[in-house]
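Let's work through some charged side-chain pairs together. Have the model open and follow each solution step by step.

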Amino acid sequence: MRVAASTACWTLQRPGARRDRAATSRATVSRPSSSLTRIQTEQKNGQFVWDVWLGGTSNMVNNAAPANMLEPMEKYFILPEVKDVSNWRHPELIWGESKHHVFAHLNEINFAFLRNTKILPDINLNNADALLDPRLKGKISMRDVSVPNFGTFALATILHEKGPAFLAKFLKEQNPKIYENPQQLDAAITRGGQAVAIGLESSFWQQCRKDGGCQDVDQLPHFSVAISWGQSVPKNPPHPEATKVWLNWFLSKEGQLAQYVGDYSIPVHKDLEQDPHFLPFPDEIVGKKLAWRDEEKIRAEFPKLMAVYGPLWTG
């Protein structure tokens, strides 16, 4: 079984590979945008080599599904507890798009803006207007947002809050440095003298803190974004029976518990949903209304963002 996976998602796949000996899995770990390019190129050349794709859902929903690169997933569901969608929390929202090619198994809040508190410490970055402070010119780094990533979502929050004129002013006047991958962005904010990083996953910051570093790097809660992680089945998987084993294990109650062990993500089974053991900040969450990320609405917003960004930074 061949799996294309992001680094974050592969941490939750490994317990499944150990538990279920009916399928042997081999993963290729890369950025979601890199996985998209590889799968797209291979399929154009008649090569269908992947059984499952795990990672951030934006590239799956906004690029792969419209390009007919993915299989409808429900035909791979066998177990009664998986086929009966009433077992899932909010089944009308669990799919990334209307044709059910992408299953969103995790939604989380990500703080995609980070600041180095040692650089220009007297600037109070508690709102979007503060980003226009002229002292920040040349001190802001960000991901290239032309392919959906955390930088795309971060700028979309500014676009939604302040409008296209503000975003264009920010990009023109502050002239942020553009990086293609998060490792470069991580180095810029931690060691490169940059005051602000836009589009760096919270997981990089969290791991750095766990390792004893990044004490001078803080998240900026005002600019938080909702992120979806999920999975899909690329077209014509070479090992369809192994794909069935994987999906039915993953969406079973046992698989959801293993997913929680892998990355603390909230199970999609509704009998586990409100269990305080599986929730971050349970006292604040249990019994409260949930907010959900709608990938198809994001697809509609992406052209608006590129209308501002594209003329400034591309060709």
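**Exercise 1.** Find what joins the side chains of K162 and D129, and say where each residue sits.

Step 1: The side chains of K162 and D129 form a salt bridge, with N to O at 2.9 Å; the term calls for a side-chain nitrogen of Lys or Arg within 4 Å of a carboxyl oxygen of Asp or Glu.
Step 2: K162 belongs to helix α5 (residues 150-162), while D129 lies in the loop between β6 (113-116) and β7 (140-143). Helices (H or I, at least four residues) and strands (E, at least two) are DSSP runs, numbered from the N terminus.
Step 3: The two residues are 33 apart, so the pair links distant parts of the chain.
Step 4: K162 has a relative accessible area of 33% and D129 one of 43%. Both values fall in the partly exposed range, between buried (under 20%) and exposed (over 50%), using a 1.4 Å probe and protein chains only.

A note before going on: this is a predicted model, in which local features need pLDDT of at least 70 and side-chain atom pairs count only at pLDDT 80 or more, whereas totals for chains, interfaces and linings use all residues. Residues are numbered from 1 along each chain as its sequence is written, and side-chain values use heavy atoms, without hydrogens and water.

**Exercise 2.** Locate E173 and K169 and describe their contact.

Step 1: Both are in helix α6 (residues 164-174), four residues apart, about one turn of the helix.
Step 2: E173 is partly exposed at 37%, as is K169 at 36%.

**Exercise 3.** How many salt bridges does the rule give?

Solution: The count is nine.
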